[in-house]
Amino acid sequence: MKKILGKDESKDNSKQEVEIKKVVRHDIAVIGLALRLPGCNTAEEYWNQLKAGADFIGAISANRKNDIDSFLKVKQHTNEIHYIDAAYLKNIDEFDYSFFGMSPKEASLMDPNQRMFLQVAYEAIDDAGYGGERIRGTRTGVYVGHSGKSSSYYEWYVSEVEPGNRAIS
């Protein structure tokens, strides 16, 4: 199919011929959204922070620093640690394991990225209006991208702290 697209006739009398191809695809709709970013737990919070010109870089929280220091002390790490400012997520240790049918032990050994994914994926599905049982039986896909690099660090950490539980982490 060919279509003639006209330019502003008062400025230029030429016309450009453009070929439009019919594209047949299956419709895709993004109908739910959820996220976790430094200082933001919702898309609205993120957008407001962006409009305000927020800087998402900050110091590591005292709780996270204490956890790292405790681990290094157990491992007899004697070098001084210097913490850098970065885009840290807050409350990464909060997870409602019972909501997802898990035991506290199973949840504690799970990679934090997996825990966060479960929470955020559920929130996105709920945001789309399909929370609870409403999604059952629908043709719905959940797509995610993730780098597994941090997972190997977490496996190492579990093997150092609880070697007997590495297989279930």
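Me: What percentage of the 169 residues in the chain is buried?
Reply: The structure is a predicted model, in which local features need pLDDT of at least 70 and side-chain atom pairs count only at pLDDT 80 or more, while totals for chains, interfaces and linings use all residues. Residues are numbered from 1 along each chain as its sequence is written, and side-chain values use heavy atoms, with hydrogens and water left out. A residue is termed buried under 20% relative accessible area, exposed over 50% and partly exposed in between (1.4 Å probe, protein chains only). Of the 169 residues in the chain, the buried share is 12%.

Me: In which element is confidence lowest, and in which is it highest?
Reply: Confidence is expressed as pLDDT, the predictor's score for each residue from 0 to 100. The chain averages 78, and 73% of the residues score at least 70. Over residues 1-11 pLDDT stays under 50, and the model has 19 contacts (heavy atoms within 4.5 Å) beyond four places in sequence for them. By element, the lowest mean, 37, belongs to strand S1 (residues 2-6), and the highest, 93, to H1.

Me: How far apart are the end C-alpha atoms of helix H4?
Reply: Helix H4 covers residues 112-127, which is 16 residues. The expected span of a helix is 1.5 Å times one less than its number of residues, so H4 should span 22 Å. The distance in the model agrees with this expectation: 22 Å.

Me: Which residue caps the N-terminal end of H4?
Reply: The cap involves a side-chain oxygen and the backbone nitrogen of Asn113, 2.7 Å apart. Just after the helix, Gly129 takes a positive phi of about 90°. The capping residue is Asp111.

Me: Which salt bridge partner does Glu123 have, and why does the pair tie together parts apart in sequence?
Reply: A salt bridge requires a side-chain nitrogen of Lys or Arg within 4 Å of a carboxyl oxygen of Asp or Glu, and the structure holds three. Glu123 lies in helix H4, whereas its partner lies in the loop between strand S2 (15-19) and helix H1 (43-51), so the pair ties together parts that are 87 residues apart in sequence.

Me: How far apart are the closest N and O atoms of Asp126 and Arg134?
Reply: Asp126 is partly exposed, at 39% relative accessible area, while Arg134 is exposed at 52%. Another salt bridge joins Arg136 and Glu133 at 2.7 Å, N to O; Arg136 is exposed at 64%, and Glu133 is exposed at 55%. For Asp126 and Arg134, the N to O separation is 4.0 Å.

Me: What is the phi of Asn91?
Reply: Most residues other than glycine have a negative phi. Asn91 is found in the loop between helix H2 (62-74) and helix H3 (104-109), and Asn91 is partly exposed at 45% relative accessible area. Its phi is positive, near 55°.

Terms used
Helices (H or I, at least four residues) and strands (E, at least two) are DSSP runs, numbered from the N terminus. A polar contact is a pair of N or O atoms within 3.5 Å; within protein, one must be able to donate a hydrogen and the other to accept it, and residues adjacent in sequence count only if both atoms are side-chain atoms.
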